[in-house]
Amino acid sequence: MNDELKLIAGTANPELGRKIASYLGVDLCQVEIGRFSDGEIKVRIEDNIRGRDVFIIQPTFAPADNLLELLLLIDACCRASASRITAVIPYYGYARQDRKDQPRVPISAKLVANLITKAGANRVLALELHAAQIQGFFDIQLDNLFAAPVLLEYIQGKKLKNVTIVSPDVGGIKMGRAFAKRLGANLAIVDKRRTTADNSEVMNIIGEVAKSDIVILDDIISTAGTITQAAEVLRKAGARTIIAAATHPVFSGDALEKLEASPIEEVIVTNSIPFRDGKRCSKIVVLDVSPLLGEAIRRIHTGESISILFM
Ligand code: R5P
């Protein structure tokens with residue numbers, strides 16, 4: 001068996017794939033990903049991967065074709081006799097319905113876990129899953145990395161004074177507390193009540209924010225409703241400067257226009273999802289998670305611990 005590492009990048013975020021390949025000093029596998037005339041996805045792996053340790057890089061943000069392409073690539077690798085297949089999923093889509101909290105709703109995050117497992121993945125490398133319990137939806141090994149080291153390094157470099165980390169909802173308190181500890185900052189929470197799945201209404205601030213330099217921290221910015229409403233309330237409460245940091249720039253609808261018009265001065269995100277709309281919002285700073293993911297891939301391949309990447 002030749003367990004040489006093989007890296008495959010799907011079409012969802014090829015730039016991230018290239019950066020990870022460059023970090024690892026390997027070439028991306030030759031893969032043909034195209035369409036049948038009716039629009040169905042067609043994939044073919046052109047390199048020999050028999051007996052190889054294969055990592056497939058594909059974030060699964062909308063449209064669902066990204067997920068389907070990942071499933072097809074996993075299936076192709078199985079049938080090409082790869083020795084091990086790791087799905088590297090920098091953004092795990094369909095994560096927001098992760099429990100049956102209303103009648104007649106799916107648990108989408110579990111369904112997607114089933115699909116990835118059934119397709120033949122042996123393990124998953126994820127980044128900042130929306131909810132930690134999604135790890136338990138998989139009966140294969142899963143490593144869930146955090147973007148915190150990348151975001152913190154950048155925020156520390158800004159040399160902010162009197163910093164308060166603000167979680168825009170109670171779900172983000174754990175992440176907020178970890179950041180506050182590392183930055184020697186205070187912690188505050190915005191008590192958000194959601195009206196519908198895509199609309200949020202900010203209520204109260206728990207904690208001191210007046211005259212503080214604020215970092216609003218979230219895992220995802222989708223419509224940007226959560227973060228911009230939090231920023232408005234914080235500004236009214238006397239916050240000095242407001243920046244926002246989130247791992248996944250989903251940026252749906254008019255999110256970028258909302259951010260541009262908001263009191264937020266800078267929006268720090270990662271390249272887990274490609275961002276190509278710089279013209280619509282001048283405040284976006286994109287940090288590169290390829291060294292983090294690349295190092296995790298290297299360590300998984302060689303069987304070294306990855307716990308150092310959580311520090
Ligand atoms: C919610 O639980 C998440 O952590 C984010 O706050 C949410 O997904 C952000 O969504 P939006 O930008 O649409 O308000």
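The model is predicted.

**Domains and cores**

The chain is divided into two parts: domain 1 comprises residues 5-146 + 290-309, and domain 2 comprises residues 148-287. Taken over C-alpha atoms, the centres of domain 1 and domain 2 are separated by 27 Å. To the contact between them, domain 1 contributes 16 residues and domain 2 contributes 14 residues.

The largest nonpolar core contains 39 residues. Within this core, the residues with the most contacts are Leu-7, Leu-145, Phe-179 and Ile-297. Because domain 1 and domain 2 both give residues to this core, it lies between them. Another core, of 33 residues, lies apart from it; among its members are Leu-70, Ala-87, Ala-95 and Leu-129.

The surroundings of Ile-297 can be listed by name. Not counting residues up to four places away in sequence, Ile-297 touches Leu-5, Leu-7, Ile-20, Leu-24, Phe-55, Val-88 and Leu-125.

Asp-53 belongs to strand β4, which covers residues 53-57. Asp-53 counts as buried because its relative accessibility is 4%, and buried means under 20%. The side chain of Asp-53 makes a polar contact with the side chain of His-301, at 2.7 Å. When neighbours within four places in sequence are left aside, the residues in contact with Asp-53 are Asp-3, Glu-4, Leu-5, Lys-6, Ser-83, Arg-84 and His-301.

Tyr-92 is placed in the loop between β5 (84-89) and α3 (108-119). Tyr-92 has a relative accessible area of 4% and is therefore buried. Its side chain is involved in two polar pairings with backbone atoms. The side chain of Tyr-92 reaches the backbone oxygen of Ala-109 at 2.7 Å, and a polar atom of the Tyr-92 side chain lies 3.1 Å from the backbone nitrogen of Ala-113. Leaving aside neighbours within four places in sequence, Tyr-92 is in contact with Thr-60, Ala-109, Val-112, Ala-113, Ile-116, Leu-129, Ile-134 and Phe-138. Tyr-92 and Ala-126 stand 34 residues apart in sequence, while their C-alpha atoms are 7.0 Å apart in space.

| Residue | Protein atom | Distance to a ligand oxygen atom |
|---|---|---|
| Ser-222 | backbone N or O atom | 2.8 Å |
| Ala-224 | polar backbone atom | 2.8 Å |
| Thr-226 | polar side-chain atom | 2.4 Å |

Helix α6 covers residues 225-236 and has twelve residues. From its first C-alpha to its last, α6 reaches 17 Å, close to the 16 Å expected at 1.5 Å a residue. After α6 comes Gly-238, whose phi is positive, near 95°.

Conventions:
Residues are numbered from 1 along each chain as its sequence is written. This is a predicted model: local features need pLDDT of at least 70, side-chain atom pairs count only at pLDDT 80 or more; totals for chains, interfaces and linings use all residues. Side-chain values use heavy atoms; hydrogens and water are left out. Helices (H or I, at least four residues) and strands (E, at least two) are DSSP runs, numbered from the N terminus. The expected span of a helix is 1.5 Å times one less than its number of residues. A nonpolar core is a set of buried Ala, Val, Leu, Ile, Met, Phe, Trp, Tyr and Cys residues joined through side-chain atoms within 4.5 Å. Buried means under 20% relative accessible area, exposed over 50%, partly exposed in between (1.4 Å probe, protein chains only). Domain bounds come from an automatic or database domain assignment. Contact means heavy atoms within 4.5 Å. A polar contact is a pair of N or O atoms within 3.5 Å; within protein, one must be able to donate a hydrogen and the other to accept it, and residues adjacent in sequence count only if both atoms are side-chain atoms.
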